[in-house]
Amino acid sequence: MAEIEDKLAELKTRLAEINDLGMAASLLSWDQLTYMPQGGAEARGRQMATLSKIAQEKFIDPIIGKLLDDLAPYAESLPYDSDDASLVRVTRIDYENATKLPPEFVAEMYTHLAASYQVWTEARPANDFAKVQPYLEKTLELSRKYSEYYPGYEHIADPLIDMSDYGMKASSIRKLFAELRDQLVPIVKAITSQDLADDSFLHLHFPENQQMAFAESVIRQLGYDFNRGRIDKTHHPFMTKFSLGDVRITTRVKEDYLGETLFSNIHEAGHALYEQGIDMALEASPLGGGTSSGVHESQSRTWENLVGRSEEFWEFFYPRLQTEFPAQLGGVTLERFHRGINKVERSLIRTDADEVTYNLHVMLRFDLELAMLEGKLAIRDLPEAWNSRFQQDFGITPPDNRDGVLQDVHWFGGFIGGAFQGYTLGNILSAQFFDAAQRAHPAIRNEMRQGQFGSLHGWLKDNVYRHGRKFTAPEVVERATGAPMSITPYIQYLKTKYGKLYSL
Ligand code: ZN
């Protein structure tokens, strides 16, 4: 037993060092995206690559494999959900994934994607798809090659999906998305055939310092812990962490649009609540993070949409917002405001889309990714395929590639495959978790009217957050809600909320 304890201690020490290197790289990245002067870019890229390389080398060290082998019988003797059993189980999966990938492939991929990203930053404003086409062709080739390192997959996208949504498969996602699309398309049609909601009052002048102060007071009340976090400004808001005691968010301000800072702060705070809620016992281990991009996104969406765009939430916060901005909002009723922040429209850009149409943007990308990986869609035909699917789903054709196929960074700075499904899985799961929380605490919506979020936050912490990566997304969903992933609560949520707003 003493020998087992020593081995477990050695594994944990090694994994903590690897974690520290990763967190140091994250800190360098956070700094790059917030305060670093332009002149630091080249060295910073090198420094982050150095840290990642050392961390990777330490992780694929055969000693880690040997420790995992030696600890396997001990781990199997423990309950499945114990911290140690989970550590050995999850680290084994990470280790297998990491060691199957040749370092030369990783290096080739990084170099190629850096070049591709650079070309995309020029091609998008120039509306020049031809310029990135050869890069995208190479990315598709490398994405397919990536999957080949994990033989035995059911669909060629599965190993790519595993990177962000481990445990999900192209087939299961396709099935969920097809059901969702069938339900969603008629709802979108019914809403967009009615008058557009008026949100002109969100586009008046709102001074930066007041917007920041209000958004901060909101996320503090939701439960974001400023003793273990902070907010800084950036171009594209994100959440990052350096330890479970330091989970940061970033934001941007548009003085001529009230929705930007507020909802992006709540969104990123939702990601941060997840990370801040992870059990401290999992600190500095591979278990000390969110379990998948879908579950992570479910938390940003829960707080941003199910809470932050709800009537109950604004019953409490709207009088406070009006006090802060009497000239701009004094004459706008709560009802008009609520309708305005839930405006639904057919629009070109995914990141600006409302919560009803958003999923159609994601499903379009997911289906095109699968078609490209399957060899059914050539890169040269991608803009045409994008536009015709867009016309089919939204009834509009993008006027150019800039606001069509070139709009998202994902395929230009990362793999083709596995990049988008997490957003819609997140929407689906947000309602499923919320529903289960409400069954346990039926007063949740009434508490929101009083500005109280403790029951919801507490349920999410107990059932989702604290486990970190101990369980896969399908496992967490099953344990927390008592059922497999399902679109039913999400469709119910949309129908109830938008049925009232648009009398469907
Ligand atoms: Zn997010």
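A residue is called buried when its relative accessible area is under 20%, exposed when that area is over 50%, and partly exposed in between, with a 1.4 Å probe and protein chains only. By that rule Val247, at 0% relative accessibility, counts as buried. The structure described here is a predicted model, in which local features need pLDDT of at least 70 and side-chain atom pairs count only at pLDDT 80 or more, while totals for chains, interfaces and linings use all residues. Residues are numbered from 1 along each chain as its sequence is written, and side-chain values use heavy atoms, with hydrogens and water left out.

**Domains**

- The protein is divided into domain 1 (2–123) and domain 2 (170–502), with bounds that come from an automatic or database domain assignment.
- The C-alpha centres of domain 1 and domain 2 lie 28 Å apart, and 27 residues of domain 1 are in contact with 30 residues of domain 2, where contact means heavy atoms within 4.5 Å.

**Nonpolar cores**

- A nonpolar core is a set of buried Ala, Val, Leu, Ile, Met, Phe, Trp, Tyr and Cys residues joined through side-chain atoms within 4.5 Å.
- The largest nonpolar core has 127 residues, of which Trp303, Trp314, Phe337, Trp411, Phe433 and Val464 touch the most other members.
- Helix α15 (residues 358–373) gives the most to this core, with 11 residues; helices (H or I, at least four residues) and strands (E, at least two) are DSSP runs, numbered from the N terminus.
- Both domain 1 (2–123) and domain 2 (170–502) contribute at least three residues each to this core.
- Apart from this core lies another, of 25 residues, including Leu21, Phe59, Leu67 and Val88.
- Not counting residues up to four places away in sequence, Phe433 touches a set of residues that includes Val295, Trp459, Leu460 and Val464.

**The second largest pocket**

- On a 1 Å grid over the protein atoms alone, a pocket is an open set of points where a 1.4 Å probe fits, with protein on both sides within 12 Å along at least five of seven lines, and its lining residues have an atom within 4 Å of a point.
- The second largest pocket has a volume of about 510 Å³, volume being the space filled by probe spheres set on the points, which are joined across faces, edges and corners.
- Its lining consists of 22 residues, of which Glu311, Arg445, Thr496, Lys497 and Lys500 lie nearest the centre of the pocket.
- Helix α22 supplies the largest share of this lining, seven residues, and the elements that each supply at least two include α11 (293–307), α18 (421–440) and α22 (488–502).
- The lining divides into seven nonpolar, six polar and nine charged residues, where Ala, Val, Leu, Ile, Met, Phe, Trp, Tyr, Cys and Pro count as nonpolar, Asp, Glu, Lys and Arg as charged, and the others, Gly among them, as polar.

**Individual residues**

- Val247 lies in strand β3 (residues 246–251), and its C-alpha atom is separated by 6.1 Å from that of Ala272, 25 residues apart along the chain.
- Ser116, in helix α5 (residues 103–123), is buried with a relative accessible area of 1%, and beyond residues up to four places away in sequence Ser116 touches Tyr135, Thr139 and Phe412.
- Asn127 is found in the loop between α5 and α6 (129–148), is partly exposed with a relative accessible area of 30%, and has a phi near 55°, a positive value in a residue other than glycine.
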